[in-house]
Amino acid sequence: MNVNLTIDGVPVSVPKGTWLVEAAKTVQQEIPVYCYHTKLGPAGLCRVCLVDIEGMPKLQIACNTPAAEGMVVRTRGARVEAGRAMILELLLVNHPLDCPICDKGGECDLQDYAMAYARGNSDVVDPKTRKPKAVDLGPTIVLDEERCVVCQRCVRFDDIIADERQLVVKDRGAHDIIATATGSPYRHNFTGNVTELCPVGALTSKTYRFKSRPWDLNRTQTTCTQCAVGCQQFADVRYGTLLRTMSVENDDAISDGWLCDRGRYNIGFYASPDRLTQPLYRKGGSFVQIGWDDAFALWGKAITDAIAAKGTPSVGAIGGGRLTNEEAYVLQYLFRKIGVANLDWRSGRQRQATPGANGGALTDIELAQAIVIAGESIEERAPVLWLRVRKAALRGGATVVHAATPAEAVAALPAGATRVALVWDGIDLARGRAFADAFAGVAELSTYVASEQGNARGAEAMGMLPWSGPGYAAARARGRDAAGMFEDARNGSLAVLSMFGVNPVRNAADGAAVAQALVKVPFVVVSELFLTETADRATLVLPAKGAFEKTGTTLNLAGDLLPVNAAVQAPDGVLSDLEMLLGLAAQLDVDLPRAEELDATVIEHMAHAPEDFGFGDSRFASDVASVPEDVPPATILSGGGTWRHDPTLATLQVETPSSQPVGATA
Ligand code: SF4
Ligand code: SF4
Ligand code: FES
C-alpha cells in the first residue's frame with residue numbers, strides 16, 4: 001500500500017513504511033547520512049539526516065522516520081540547516097581534519113557535508129582529543145581512530161551482513177573506538193567492504209593507502225572473474241596501474257553490492273615484474289625468448305605434425321574456465337575444426353559447473369526457507385554467494401543445512417519447507433546426484449554449482465567439454481577429458497597439449513602425477529600470466545592477458561551473461577587468448593568466425609542450462625578412476641596462486657592465521 005506525502009513541496013507516493021531518506025531520493029532530494037546505509041538500514045546514531053516535518057515540534061531524523069499519509073516534509077530551510085550545522089560541529093569537535101593526507105579526501109562524506117552544511121567555524125575552544133592513528137586492525141585494514149565518527153556501519157556490516165560480529169565499539173563518549181571484540185586481528189573473507197562503508201577515512205585498505213587521489217583514477221565497470229559469482233566491480237586505474245577495485249552498490253542481482261577480499265584485493269599481480277612478456281621456447285632444457293611469429297609457427301607445426309603422424313587423438317586442449325566466452329568458443333571451434341575432440345576446461349577437482357534445469361538466480365537464495373550445502377568450502381569457492389546464504393538466514397529466517405548425507409539434510413529441513421536452495425561444489429558427482437535426488441520432490445528447488453573458475457559455466461556452454469559442443473549439443477566425436485589426456489600423456493600417446501589459464505600441476509587432484517605426465521608429452525603449450533608450476537614444464541609458454549586487460553563476456557554460476565571490460569593496458573608483448581588462437585588459426589588454415597558472428601553465437605549458446613541433466617550427470621564423469629588426493633584447507637586466496645605475485649598481498653599474511661595482536665602501530 002502506498003502513502004502520499006510532499007517533500008519540499010513535491011508530491012511523493014511511496015510504499016507504506018518507506019524511510020523518509022529513501023522517499024526523498026524519488027524526488028532527487030539528497031539527505032545527508034552517516035550511520036544510515038541502504039543495505040544496513042537505520043541506526044539513528046549520527047543525527048545528520050535531520051528534516052523538518054510539519055506538525056512536529058522538533059527536527060526528526062529522516063533515516064528512521066517512515067513516510068506517512070499527508071506528511072509535509074522539508075529537507076531544506078533555516079531550521080534544518082541550523083540543525084545539521086550543529087551536528088557537523090559536534091562531529092568535527094575531535095576530528096583531526098587531516099584531509100590533505102587522508103586517503104578518503106575527495107570522496108569523503110564528512111568533507112562533502114562539512115562543505116555543504118557546516119558553519120565553517122566552531123565555538124569549541126578545548127583541544128581535540130588525540131587518539132592512535134594507523135592502528136593495524138588485521139591483515140587487510142588500517143584504522144585511524146581519530147577520524148572515526150562512530151557511525152557503526154562497520155560494526156553493523158560485520159553483524160548483519162557478514163555474520164561475523166568481530167568488530168565492536170569499545171569505551172564510551174569521546175573515547176569510543178572501533179576494535180575487535182577479542183583483540184584478535186580483524187580477519188574474514190569480506191573485510192574490505194567496511195572500507196567502502198566507512199563514510200570517512202577511518203578504515204583504509206593496506207593495499208591502497210597513500211596510492212592515489214580519487215580524481216586521479218580512471219574507472220571502468222567490469223565483472224570479477226576470480227570465482228563464478230561474477231560480482232560487478234569498478235576497476236580504478238591511475239597512470240596505467242590498477243590500484244583498487246570497488247563494489248557496485250546497485251548490483252542487486254549478482255553481488256548485492258559487496259565484494260569478497262579475493263575479488264577486492266587480489267589485483268596487484270597485474271603490475272608484477274614477474275609477468276611473462278614474451279613467448280618462451282624450451283631449448284636444450286632451458287627457456288629462450290622468441291617472437292610471436294616463431295611461436296605460432298612452432299605451435300602450428302607441432303599440431304600438424306602430430307595429427308599427420310599419430311592422428312587427432314594425439315592432440316588436446318584444456319582451458320576455458322578462466323577465459324571469456326568468446327575465447328572458450330573459439331578455442332573449441334578451432335580445435336574441432338581440425339578434428340581434435342580432446343577438449344576440457346576441468347583441470348582441477350571440479351567435474352561439473354552447469355546446474356541443470358533447476359538452476360536458480362542468485363536472488364532466489366534469499367527466498368529459500370532452507371539452504372542445503374552439499375559441498376566443501378563454499379564460502380571460499382564462491383564467497384559472495386555465501387553472503388546471500390547469510391542474508392537468507394539472518395533476514396529471511398532460512399535454515400542453513402550442512403549435512404554429511406542427503407538423509408540427514410532432509411531430516412534437518414524445517415517442517416513444510418517448499419522452497420529449498422541446494423548448493424554443490426561440483427566435485428563429487430555421486431554426492432551431488434544423491435543430494436539432488438533427495439530434494440527432487442521439493443516444489444521450488446533452485447540449484448547452484450559454486451565453481452572454482454570464473455567462467456566454468458561459460459566454458460561448458462561454449463562447448464569446452466569432451467562430449468558437447470556449443471549450447472551443450474552432443475559433439476560429433478567424443479574426446480578425452482583432462483584426466484584422460486593426462487593418462488594419455490603418461491602412456492606416451494599424447495603428442496601436443498595446449499593449456500590456457502590452467503595450472504593442473506598445482507590444482508589437479510594429483511598434481512605430482514600431472515607433472516610427471518607432462519614430461520612425456522613432446523610439445524606442451526601453456527598460455528599464462530606467470531611461469532606457473534605447469535608453465536614451467538611446458539615446451540612453449542605464451543604470455544597472456546588477464547581479465548582486466550581484455551574485453552568479452554562471461555557466464556556466472558547462475559547463468560547471467562556479464563561483460564568483461566578492459567580497464568588496464570597489458571604489458572607490451574602480451575596477447576589475449578583470443579589473439580593467440582587467431583595466430584594459431586592462421587597457421588592451421590582455419591577461418592575463425594568474425595567478431596559479430598561470435599557475439600551472436602555466444603548469446604545463442606549462453607544461459608539456458610539443458611533440461612536433461614542435473615547434479616552429477618554421468619556425462620560429467622571422469623575418463624579415469626579417481627585418484628587419492630590430499631586437499632589442503634581452502635582459503636580466500638586458494639586458486640591459481642596469482643596473489644603470490646603481489647608483493648603487498650604476499651606480506652599481508654591473508655592466507656595464514658596471524659598471531660599479531662591488534663593495536664600495533666603500522
Ligand atoms: S570506522 Fe568508519 S564505519 Fe566504522 S564506526 Fe568509524 S566512521 Fe563508522
Ligand atoms: S565472490 Fe567471486 S566474483 Fe565476487 S568478488 Fe569474490 S571472487 Fe569476485
Ligand atoms: S543517518 Fe540518520 S541518524 Fe545517522
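## The shell around ligand 2 and the overall fold

In this predicted model, the shell around ligand 2 comprises nine nonpolar residues, four polar residues and one charged residue. Of the 14 residues around ligand 2, those that come nearest are C224, C227, C231, C260 and G263. Two elements, α6 (261-265) and α11 (383-394), each give two or more residues to this shell. Ligand 2 lies between domain 2 (101-106 + 113-271) and domain 4 (364-449), because both domains give residues to the shell around it.

The protein as a whole contains 20 helices and 26 strands. Its overall dimensions and packing are summarised below.

| Property of the protein | Value |
|---|---|
| Radius of gyration | 27 Å |
| Box filled by the C-alpha atoms, along the principal axes | roughly 90 × 55 × 50 Å |
| Residues that count as buried, of 666 | 50% |
| Share of contacts with a separation of 6 or more that join residues 24 or more positions apart | 72% |

The radius of gyration agrees with a compact globule, since a globule of 666 residues would have a value near 26 Å.

In soluble globular proteins, nonpolar side chains tend to be buried together. Here the largest nonpolar core has 186 residues, and the members that touch the most others are I371, V372 and L422. Helix α8 (residues 325-337) supplies the largest share of this core, seven residues. Beyond its neighbours within four places in sequence, L422 is in contact with V372, A374, F435, A436, F439, L445 and T447.

Key: Residues numbered from 1 in each chain as written. Chains lettered and ligands numbered in written order. Predicted model: local features only at pLDDT ≥ 70, side-chain atom pairs only at ≥ 80, totals over all residues. Near = placed C-beta within 6 Å. Helix = DSSP H or I, 4+ residues; strand = E, 2+ residues; numbered from the N terminus. Nonpolar A, V, L, I, M, F, W, Y, C, P; charged D, E, K, R; others polar. Domains from an automatic or database assignment. Rg over C-alpha atoms; globule rule 2.2 N^0.38 Å. Buried ≥ 20, exposed ≤ 12 C-beta atoms within 10 Å, placed from the backbone. Contact = placed C-beta atoms within 7 Å. Core = buried A, V, L, I, M, F, W, Y, C linked by C-beta atoms within 7 Å.
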